[in-house]
Amino acid sequence: ARFGYFGGGSPTTTTTTSSVERIDYANDASSAVVRGQLSLARMAGGAVGTALYGYFGGGATMPGTAVVSRVDRFDYSNDTGTATATGPLSSARYVLAGTGNSSFGYFGGGKNGTPTFSTVDRIDYSNDAATAVAKGPLTAVRSYLGATGNSSFGYFGGGANPGVTGVSFTNRIDYSNDTATTVAKGPLSSARYLVAGNSSSSFGYFGGGKAAPAVASTVDRLDYSNDTTTAVAKGPLSQARRNISSINNSFYGYFGGGYVPGGSSTIDRIDYSNDTATAAAKGPLSTTKWNLGGFNHMSF
């Protein structure tokens, strides 16, 4: 994977954007470059990527309002173009999270006004015009969660219950048996929501978020080979923030944007080979944004 993308988001507390920004992994000290755009400006959707396309699902067209079920497909080979609206989610929701493998993308949790969801929707990359299919749910309803995974399993970590109280638990979905209810696995090191997740081949990382009343810089590492144990706090982000998004390649994980007073354009890079060090601030986003969706070329 050469590039990673951050799409949509909120540049202010009252607006959303459709812009998609690209970071070049080979030159990650440079500022992200605005390329194409989503088909609809929105924030707080879930996102997942394949080797060819990025998918941005759900979201709200204004902060907390006008929630949609739309799924956009962004073509990496034509990344100056506008994303194509494909088959929608089974229900409209935002503040959800996405992960997947080479065949399917999974969008879990989220909310739409009062209702909070445990739903996990699956989109089939080979037939992405069809409506996403609800598969095995999360063990409990929650929103503001993060997600990551490998070729066999997806993990949904942290988030908030309907009372907007942070939770620490992690649910694992088995891609080979995705109709079953997800399984509770080892929790995060602390309860928090508004987190983001990324992954190396061996570990999943959940960074940032809010552990009421404080905003966190914590990055927790989940060991895929021993996923019943509590995640271990590793090197923190360079700046505590919530409402962040994340992408990764084989060597590094990137946490982009996020909310602090006035917003943040920071992109922090964690080095998987040295994950106890504080994340390094790299080339920033083109402007301050939070509630983005992150996707990148993935081939398992």
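These legends walk you through several close-up views of a predicted model. Local features here need pLDDT of at least 70 and side-chain atom pairs count only at pLDDT 80 or more, while totals for chains, interfaces and linings use all residues. Residues are numbered from 1 along each chain as its sequence is written, and side-chain values use heavy atoms, with hydrogens and water left out.

**View 1. The largest pocket holds about 890 Å³ of space.** A pocket is an open set of points on a 1 Å grid over the protein atoms alone, where a 1.4 Å probe fits and protein lies on both sides within 12 Å along at least five of seven lines; lining residues have an atom within 4 Å of a point. The volume is the space filled by probe spheres set on the points, with grid points joined across faces, edges and corners. Of the 48 lining residues, Ala 147, Gly 197, Asn 198, Ser 246 and Asn 248 are the closest to the pocket's centre. At least two lining residues come from each of strand 4 (46–49), strand 10 (97–100), strand 14 (146–149), strand 18 (196–199), strand 24 (245–248) and strand 28 (293–296). Strands are DSSP runs of E, at least two residues long, numbered from the N terminus. Sort this lining by class and you get 20 nonpolar, 28 polar and no charged residues. Here Ala, Val, Leu, Ile, Met, Phe, Trp, Tyr, Cys and Pro count as nonpolar, Asp, Glu, Lys and Arg as charged, and the others, Gly among them, as polar.

**View 2. The second largest pocket has a volume of about 210 Å³.** It is lined by 16 residues, and the closest to its centre are Met 43, Arg 242, Asn 243, Trp 290 and Asn 291. This lining has nine nonpolar, six polar and one charged residues.

**View 3. Strand 11 (residues 104–108) is largely enclosed by the rest of the structure, because five of its five residues are buried.** Buried means under 20% relative accessible area, exposed means over 50%, and partly exposed is in between (1.4 Å probe, protein chains only). In a regular strand the side chains alternate between the two faces of the sheet. Here Phe 104, Tyr 106 and Gly 108 point one way, while Gly 105 and Phe 107 point the other way. Strand 11 pairs with strand 10 in the antiparallel sense over four bridges; strands count as paired if DSSP finds at least two bridges between them. The two form a hairpin with three residues between them, and Gly 98 stands opposite Phe 107. Strand 11 also pairs with strand 12 (residues 120–124), again antiparallel, over five bridges, and there Phe 107 has Asp 121 as its bridge partner.

**View 4. Strands 24-25-26-27 line up in that order as an open, antiparallel sheet.** Its edge strands, strand 24 and strand 27 (280–281), each pair on one side only. Five bridges join strand 25 (residues 252–256) to strand 26 (residues 267–271), with Tyr 252 partnered by Asp 271.

View 5. Most residues other than glycine have a negative phi, and most peptide bonds are trans.
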